[in-house]
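Open your viewer and load the model. This tour tells you what to select next and what you will find there.

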Amino acid sequence: MGGLSPMHWMIVAIAAVLLFGAKKLPDTARSVGKSLRIFKSEVTRSDQEEPQAPPALPSVEEQARQLEQQAAALRAQAAADAKDKPSAS
């Protein structure tokens, strides 16, 4: 029980021939084999590579500090531009 007897395999083979036709079976088997080789090579390659951690995102406080610095720089630039620009009055 649980295993397939030769009779079961023969039924599966006959069903495959009836479904796909005798001419398409070699091409199908070749395609399946190629797909399995590609899958195996990708799996072994990914196993050999070191897993890379995603880049660390800055904390909310760090993001807020960076935004404050950018705002201060923009304010300073605007003040310098206003000082250099002659007034209209």
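How many of the residues of the protein, in percent, count as buried? Of the 89 residues, 0% do. Here buried means under 20% relative accessible area, exposed means over 50%, and partly exposed lies in between (1.4 Å probe, protein chains only).

**Before you click**

This is a predicted model, so local features need pLDDT of at least 70, side-chain atom pairs count only at pLDDT 80 or more, and totals for chains, interfaces and linings use all residues. Residues are numbered from 1 along each chain as its sequence is written, and side-chain values use heavy atoms, with hydrogens and water left out.

**Stop 1: the whole chain**

Show the cartoon. The protein has three helices and zero strands. From the N terminus on, the order is α-α-α. Helices (H or I, at least four residues) and strands (E, at least two) are DSSP runs, numbered from the N terminus.

The protein exposes about 8600 Å². Carbon and sulfur atoms supply 64% of that area. Accessible areas come from the Shrake-Rupley method with a 1.4 Å probe; for residues, only the protein chains shown count as cover.

Next, color by pLDDT, the predictor's confidence in each residue, from 0 to 100. The mean for the protein is 84. Of its residues, 90% reach 70 or more. Among the elements, helix H2 (residues 24–48) has the lowest mean, 86. Helix H3 (residues 60–84) has the highest, 92. Where pLDDT is low, the predicted coordinates should not be read in detail.

**Stop 2: helix H1**

Select residues 6–20, which make up helix H1. What span should its 15 residues have, at 1.5 Å a residue? The expected span is 1.5 Å times one less than the number of residues. That gives 21 Å, and the end C-alpha atoms are 21 Å apart, which agrees.

Step on to Gly 21, which follows H1. Its phi is positive, near 85 degrees.

Now select Met 7, Met 10, Ile 11, Ile 14 and Leu 18. Together they make a nonpolar surface patch of about 560 Å². Patches are made of residues with over 30% relative accessible area and no salt bridge: like charges are joined within 9 Å, nonpolar side chains (Val, Leu, Ile, Met, Phe, Trp, Tyr) within 5 Å. Zoom in on Met 7, found in helix H1. Met 7 is exposed, with a relative accessible area of 51%.

**Stop 3: the salt bridges**

Side chains of opposite charge can pair when their charged atoms come close. A salt bridge is a side-chain nitrogen of Lys or Arg within 4 Å of a carboxyl oxygen of Asp or Glu. By this rule the count is three.

- Pick Arg 30 and Asp 27; their N to O distance is 2.9 Å. Both lie in helix H2, three residues apart. Arg 30 is exposed at 54%, while Asp 27 is partly exposed at 43%.
- Pick Glu 42 and Arg 45; here N to O is 3.1 Å. They sit about one helical turn apart in helix H2, being three residues apart. Glu 42 is partly exposed at 38%, and so is Arg 45 at 43%.
- Pick Arg 65 and Glu 62; their closest N and O atoms are 2.5 Å apart. Both lie in helix H3, about one turn apart. Arg 65 is partly exposed at 37%, and Glu 62 is partly exposed at 26%.

Why look for partners at this spacing? An α-helix has 3.6 residues a turn, so residues three or four places apart point the same way.
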